[in-house]
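Work through the following exercises with the structure in view, and try each task before reading its solution.

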Amino acid sequence: MSLTEITTRLTKAAQDAGRDPASVTLIAVSKMQPDDNVRAVLEQGHRVFGENRVQEAAGKWPGFREEFGDIDLHIIGPLQTNKARQAMELAHAIHSVDRPKLATTLARLADEIGSCPDLFIQVNTGEEPQKAGILPADTDAFVKEVRDLGLPLKGLMCIPPVEETPSLHFALLAKLAARNGLEGLSMGMSGDFEQAIALGATHVRVGSAIFGARS
């Protein structure tokens with residue numbers, strides 16, 4: 001467990017970029033982690049976590065919330081429309097809004113429930129056919145669509161292609177966000193979060209560097 005080391009690195013990266021470290025949220029990605037590993041991070045005082053799958057989150061976090069109090073949970077993986085209600089009831093933020101059908105579903109549910117988590121649009125910056133996300137060329141129009149639905153859009157998210165330089169994708173995401181007046185940038189993972197912070201990341205999603213390799 002190296003939460004302290006990651007926090008130290010995050011602080012240094014922010015300071016090196018002339019930023020307040022408090023402007024960067026560290027999301028501990030706890031997907032597929034044994035409860036003992038998650039508990040160890042909770043016991044160190046961390047309260048912001050990320051899950052890929054709603055079903056896994058639903059089985060894990062209600063119990064931890066009873067034990068540890070309020071936990072800031074982020075859904076960071078692909079979200080099926082039939083899991084949207086459950087995601088909205090569990091999470092403080094959803095980072096994977098990637099298609100009009102999901103946006104309209106979230107808007108309908110927000111009207112029914114009376115609230116909505118913070119939302120990030122996932123952008124497929126590498127234009128990879130196997131990966132979810134709005135294409136860069138379609139981002140401006142989709143941002144407008146999400147806003148027109150009255151949804152609480154906070155920013156953009158990306159997962160760069162593994163074989164490409166991540167900073168190019170982080171810079172593209174930052175440019176798209178700035179053009180649309182969005183402050184939130186969910187980008188950077190265990191291997192590249194310092195680069196992401198240098199380019200403006202407000203949320204970094206770190207799993208293996210905190211928990212070790214997933215089982």
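**Exercise 1.** Describe how the axes of α2 and α3 are placed relative to each other.

*Solution.* Two packed helices are described by the angle between their axes and by the distance between those axes. In this predicted model, the axes of α2 and α3 come within 12 Å, and they cross at roughly 35 degrees. The crossing of α2 and α3 is right-handed. On the α2 side, the contact is made by Asp-35, Val-38, Arg-39, Leu-42 and Glu-43, while α3 contributes Lys-60, Trp-61, Phe-64, Glu-67 and Phe-68. Sorted by class, this contact of α2 with α3 holds five nonpolar and five charged residues, but no polar ones.

**Exercise 2.** Follow helix α3 along its length, and find where a kink lies.

*Solution.* Begin with the span: α3 covers residues 54-68, and its 15 residues reach 20 Å from the first C-alpha to the last, close to the 21 Å expected. Next, look for the bend, which is a kink of about 30 degrees at Trp-61, shortly before the proline Pro-62.

**Exercise 3.** Which elements do the buried residues of α3 pack against?

*Solution.* First list buried residues of α3, among them Val-54, Ala-57, Trp-61 and Phe-64. Then trace their surroundings: the buried residues of α3 pack against α2, β2, β3 and α4.

**Exercise 4.** Decide whether Thr-8 is buried or exposed.

*Solution.* Thr-8 is found in helix α1. Its relative accessible area is 51%, and exposed means over 50%, so Thr-8 is exposed.

Definitions and conventions. Residues are numbered from 1 along each chain as its sequence is written. This is a predicted model: local features need pLDDT of at least 70, side-chain atom pairs count only at pLDDT 80 or more; totals for chains, interfaces and linings use all residues. Side-chain values use heavy atoms; hydrogens and water are left out. Helices (H or I, at least four residues) and strands (E, at least two) are DSSP runs, numbered from the N terminus. The expected span of a helix is 1.5 Å times one less than its number of residues. The bend at a residue is the angle between axes fitted to the seven residues ending there and the seven starting there. Buried means under 20% relative accessible area, exposed over 50%, partly exposed in between (1.4 Å probe, protein chains only). Contact means heavy atoms within 4.5 Å. Axes are lines fitted to C-alpha atoms, for helices over the stretch in contact, and angles run from 0 to 180 degrees between N-to-C directions. A crossing is left-handed if the near helix is turned anticlockwise from the far one by less than a right angle, and right-handed if clockwise. Ala, Val, Leu, Ile, Met, Phe, Trp, Tyr, Cys and Pro count as nonpolar, Asp, Glu, Lys and Arg as charged, and the others, Gly among them, as polar.
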